[in-house]
Amino acid sequence: MTAFLRQPHHRYQDPLARIWIACAENVGFRIARSPDVYASTDGRGTILIGSDDLLDPDDSLAQMIFHELCHALVEGEAGEAQVDWGLDNTSNRHLWHEQACLRLQAYLSDSIGLRDFFAPTTDFRVKFWPALGDDPMAAPADKGGRREPSCVAARLAAWRASQPRWAPHLQAALAATAAVASVVPGYVRSDDAGEGGMPSLWGTAVPPPPLHPAGHAAVALYRPDNGCAGCAWSYAERQGIRCRHAPKVRIAPDAPACMRWEPAGELDCLTCGACCREAYQAVEISAREPVVRLHPELVIAAGNRRKLRRDGERCAALAGGHVPAESYACRIYEDRPRTCRDFARGSANCLDARRRVGVSL
Ligand code: SF4
Ligand code: SF4
């Protein structure tokens with residue numbers, strides 16, 4: 001009998017791992033494995049994930065990559081250029097950054113029914129993650145509610161996730177993950193406890209939430225006391241209401257809330273100030289506007305044009321908002337330029353400004 005020495009020509013790859021490695025690569029990162037770290041970044045585009053022997057039974061490479069990508073979204077490009085996203089892992093100084101990452105992770109995994117499946121691997125899985133409510137972008141009221149810093153940072157990260165560098169790849173990875181999760185649990189046996197008597201993590205997958213009539217996933221905010229009619233982003237029309245996020249679609253007044261629901265009362269300029277701060281870079285003004293004559297100290301020349309002076313990332317005329325409960329105010333409200341007068345609260349530009357600073361989703 002002739003003996004054959006078989007030479008493999010391919011290697012097996014876990015489907016979810018492949019999906020999330022590709023997602024990371026498509027947004028500009030390289031995934032490497034290491035026996036020396038659990039998870040780390042080098043500030044030059046490499047995300048190091050611990051080798052399989054370092055992972056717990058309920059860890060998946062996909063989840064760990066997804067988690068690091070959520071960190072990248074929270075920390076932005078400045079964090080990407082630093083080791084470990086610039087986070088101090090030796091103290092609680094940056095705890096709220098980790099919490100923001102987890103809020104975003106929960107928000108995105110909710111959209112495909114995999115909040116439990118994509119639970120984080122660290123000790124945050126014990127307390128913080130299970131305590132996240134239906135709306136992971138809101139802290140308990142006594143901890144600051146929707147304005148708590150990790151909630152604001154998570155919403156800002158969600159806005160980054162909607163931008164062209166990220167959106168197509170992240171959405172494709174989430175959709176591919178949802179496709180895998182739609183079939184695998186059907187092959188998992190509830191009596192099939194593996195090593196250590198543990199059931200399969202796939203048993204935690206639930207069907208993705210239905211699409212909202214306006215086109216957004218509905219997720220857990222689908223509550224009778226929480227509907228489009230009470231949302232800051234709905235507006236009335238003769239035959240129903242529409243949502244500023246999807247203005248082409250008419251929705252019923254009793255439509256349930258989507259994952260972007262925001263209390264109508266929060267559409268408040270005094271607690272927002274987004275359009276006067278870092279959401280936009282400049283307010284251009286014409287030479288004939290009263291503010292030029294009445295407040296020359298606030299006006300600077302920009303070639304043939306003029307614009308309002310900035311004070312860091314804010315318009316120099318903006319007062320307040322230096323501590324969490326302090327209202328914003330315009331020092332020159334009666335004399336404000338036309339650009340500011342024309343900027344309508346609740347408009348698409350207002351929504352865009354609020355998303356850019358993490359006030360809205
Ligand atoms: S953002 Fe608000 S109005 Fe728009 S679909 Fe969601 S809950 Fe409804
Ligand atoms: S972004 Fe909208 S709500 Fe916020 S201050 Fe400007 S107009 Fe007001």
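Biologist: At what angle do helix α1 and helix α6 pack?

Modeller: Keep in mind that this is a predicted model. Helix α1 covers residues 15–26 and helix α6 covers residues 167–183, and their axes lie 9 Å apart. Angles over 145 degrees count as roughly antiparallel, so α1 is roughly antiparallel to α6. The angle itself is about 175°.

Biologist: Which residues of α1 and α6 make that contact?

Modeller: On the α6 side, you'll find H169, L170, A173, A176, T177 and V180. Residues three or four places apart on an α-helix point the same way, because there are 3.6 residues a turn. On the α1 side, the contact uses P15, L16, I19, W20, C23 and N26.

Biologist: How do the residues of the contact of α1 with α6 divide into nonpolar, polar and charged?

Modeller: Let's sort them by type. The contact has no charged residues, and 3 are polar. The nonpolar ones number 9.

Biologist: Why is helix α3 described as largely enclosed by the rest of the structure?

Modeller: Start with what buried means here: 20 or more other C-beta atoms lie within 10 Å of a residue's own. Helix α3 is largely enclosed because the buried residues number 14 of the 16.

Biologist: What span should helix α3 have, and how far apart are its end C-alpha atoms?

Modeller: Helix α3 runs over residues 95–110, which makes 16 residues. The expected span is 1.5 Å times one less than that number of residues, so α3 should span 22 Å. Its end C-alpha atoms agree with this, being apart by 22 Å.

Biologist: Which residues are the closest to ligand 1?

Modeller: Ligand 1 is surrounded by 13 residues. Its shell divides into 8 nonpolar, 4 polar and 1 charged. The closest residues are C228, C231, S234, C243 and C258.

Biologist: And which element gives the largest share of the shell around ligand 2?

Modeller: The residues around ligand 2 include L267, C269, C272, F343, R345, C350 and R354. Two elements, α7 (269–272) and α10 (348–357), each give two or more residues to that shell. By type, the shell has 8 nonpolar, 1 polar and 2 charged residues. The largest share, 3 residues, comes from α10.

Biologist: Zooming out, what percentage of the residues in the protein is buried?

Modeller: The protein has 10 helices and 13 strands, and its C-alpha atoms fill a box of roughly 100 × 50 × 40 Å. There are 361 residues in the protein, and the buried share is 34%.

Key: Residues are numbered from 1 along each chain as its sequence is written. Chains are lettered from A and ligands numbered from 1 in the order in which they are written. This is a predicted model: local features need pLDDT of at least 70, side-chain atom pairs count only at pLDDT 80 or more; totals for chains, interfaces and linings use all residues. A residue is near a molecule or strand if its C-beta atom, placed from the backbone, lies within 6 Å of it. Helices (H or I, at least four residues) and strands (E, at least two) are DSSP runs, numbered from the N terminus. Ala, Val, Leu, Ile, Met, Phe, Trp, Tyr, Cys and Pro count as nonpolar, Asp, Glu, Lys and Arg as charged, and the others, Gly among them, as polar. Axes are lines fitted to C-alpha atoms, for helices over the stretch in contact, and angles run from 0 to 180 degrees between N-to-C directions. Angles under 35 degrees count as roughly parallel, over 145 as roughly antiparallel, 65 to 115 as roughly perpendicular and the rest as oblique. Two residues are in contact if their C-beta atoms, placed from the backbone, lie within 7 Å. A residue is buried if 20 or more other C-beta atoms lie within 10 Å of its own, exposed if 12 or fewer, and partly exposed in between; C-beta atoms are placed from the backbone.
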